[in-house]
Amino acid sequence: MDTGTTMRAANDVMAPNDLSSWWMPFTANRAFKQNPRMIVGAKDMHYTTPDGRQVIDGIAGLWSCNAGHARDPIVAAIQRQAAELDYSPAFQFGHPHGFAAAARIAQMAPGDLDHVFFTNSGSEAIDTALKIALAYWNVSGQGQKTRLIGRERGYHGVGFGGISVGGIVSNRKFFGTLLAGVDHMPHTYSREHQAFTKGEPDWGAHLADDLERIVALHDASTIAAVVVEPMAGSTGVLPPPKGYLKRLREICDKHGILLVFDEVISGFGRLGFAFAAERYGVVPDMITFAKAVNSGTVPMGGVIVRSHVHDAFMKGPEHVIELFHGYTYSGHPLACAAALATLDVYRDENLFERVRTLEPIWADAMMSLRELPNVLDIRTVGLVGAIDLASREDGVGKRAFEAMDRAFREHDVVIRITADTIALTPPLIISEDQIGEIVDKVGRVIRAVA
Ligand code: PMP
């Protein structure tokens, strides 16, 4: 790569008056622009700052870059594809990389999750899954099944469907009435019963029974689908209680309700398997994915659909569009080429197995922080860890924000925060030494913000 060009581009965007136009997502814009945290390059486990510092990536981009950054085979595949076929009309035309990527992803999914609908993001994947669920009942002659069930503390992106089934007040309160006919099950976290658990907590499987309460209230004949993250990520890493997801599957089967797993962050190795569904031995009716499907390199998401759901749409007249839904960039050639190259890297480097080997080492390293000041709980699962800090008196989130800022500026590590929880989800290529390095740095940051 021509680093001279990279640095010139970076220096250009560093001009102060260039910062005003980008209204940045999920960012306190005014504070950020007074003292920006800038990144101009990335390779493998590290980011580069404009002043040349190497900052270790503790969160794989945003739970995305599971293969690490700027990996040669993935970069080459994207470059090749851009030169060969930059775009192909998304509707009524196909291209080889789209079919190959779909087949490859379907192959990795458990059971008869055999069909893939491509989107460009996790939010679109969730909205697509909800629409498929509603349309499925329509084409199956049960169009009265329209209710959607989400969960408290669920995060399903920022589309209207996603924020409706999601359970985060800040994502909901400013945006009107949202979708009608949505209920929420309770979240599965209890500090009292679960604090400092490695992996899936013993307590909490019974919380799945709340679905029976909702069925009793509305009747199953009105309920289309239940949507959950197998492991809630964005609200602080909440691994599922042992047996919880199986119970949910049983109740859905009993009442004829579709079960959707949102695997936007748990997909592609984060928990040591291609999908959390495999780790937990539960086959949902649909899996949403995004992010790590191509290691975060090109926007891409999608929904993997079981045969009985897909096939229900394939019964009408052949010339009629079966599902009136899609995006201009569904199955974009660059995204598909990047996915194929990424899935090769995961396979060739045994990265999912690697997570299973690293999991106990990672969990022990994380738990070594439990005696530090203000640490209320630590949770780990796969290559994911979360640390709950006590909130400062001047406001929720202030302590973690300071930790994130200091981690980047003073300790050369990128961490993620939600409220006063620190989340760590490094690339799957991380070495044992680098696990030690990240945990040590985070420990120093926690002491610094005490
Ligand atoms: N679902 C889950 C579980 C997620 O974690 C996210 C993003 N963090 C999304 C959906 C939304 O994905 P995107 O930001 O790509 O729209």
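The domain boundary and what lies behind it

Author: In this predicted model, the centres of domain 1 and domain 2, taken over C-alpha atoms, are separated by 26 Å. Domain 1 is made of two stretches, 37-67 and 350-448, while domain 2 covers 74-348. Where they meet, 30 residues of domain 1 are in contact with 30 residues of domain 2. On the domain 1 side, the elements that contribute two or more residues are α3 (60-63), α15 (351-367), β11 (375-381), β12 (384-389) and β15 (421-424). Of these, α15 gives the most, with seven residues. By class, that side of domain 1 has 16 nonpolar residues, eight polar and six charged.

Asn350 sits in the loop between α14 and α15. Its phi is near 50°, a positive value in a residue other than glycine. Asn350 has 13 other C-beta atoms within 10 Å, so it is classed as partly exposed; the exposed class stops at 12 or fewer, and the buried class starts at 20 or more.

The largest nonpolar core holds 128 residues, and Val226, Ile415 and Ile422 have the most contacts inside it. Helix α14 (residues 333-348) is its main contributor, with eleven residues. Domain 1 and domain 2 each supply at least three residues to this core. As a general background, nonpolar side chains in soluble globular proteins tend to be buried together. Ile422 shows what such a position looks like in detail: leaving aside residues up to four places away in sequence, Ile422 touches Ala386, Ile387, Leu389, Ala400, Ala403, Ile415, Ile417 and Val442. One of these partners, Ile415, is itself named among the core residues with the most contacts.

Four strands form an open sheet with mixed pairing, in the order β1-β2-β3-β13. β1 (41-43) and β13 (413-414) are the edge strands; each has a single partner, so one side of each is left without a neighbour in the sheet. Within the sheet, β2 (residues 46-48) and β3 (residues 54-57) are antiparallel and are joined by three bridges. One of the positions to look for is Tyr47, whose bridge partner in β3 is Val55.

β8 (residues 258-262) has five of its five residues buried. Leu258, Val260 and Asp262 lie on one side and Leu259 and Phe261 on the other, so that both faces are covered. β7 (residues 223-228) runs parallel to β8 and is joined to β8 by four bridges. At one point of this pairing, Val228 stands opposite Phe261.

Ile163 is in helix α7 (residues 160-165). Ile163 counts as buried because 25 C-beta neighbours lie inside 10 Å. Leaving aside residues up to four places away in sequence, Ile163 touches Val158, Asn171, Arg172, Phe175 and Leu178. Ile321, by contrast, lies in the loop between α13 (307-312) and α14. With 11 C-beta neighbours inside 10 Å, Ile321 counts as exposed. Ile321 and Gln92 are 229 residues apart in sequence, while their C-alpha atoms are 9.6 Å apart in space. Phe196 is placed in the loop between α9 (191-194) and α10 (210-218). Phe196 has a positive phi of about 55°, although it is not a glycine. It is partly exposed, with 14 other C-beta atoms within 10 Å.

15 residues surround the ligand, and the closest are Ser121, Gly122, Ser123, Gly157 and Val264. Helix α6 (residues 122-139) supplies the largest share of this shell, three residues. The shell divides into five nonpolar, eight polar and two charged residues.

Definitions and conventions:
Residues numbered from 1 in each chain as written. Predicted model: local features only at pLDDT ≥ 70, side-chain atom pairs only at ≥ 80, totals over all residues. Near = placed C-beta within 6 Å. Nonpolar A, V, L, I, M, F, W, Y, C, P; charged D, E, K, R; others polar. Pairing = 2+ DSSP bridges. Domains from an automatic or database assignment. Contact = placed C-beta atoms within 7 Å. Core = buried A, V, L, I, M, F, W, Y, C linked by C-beta atoms within 7 Å.
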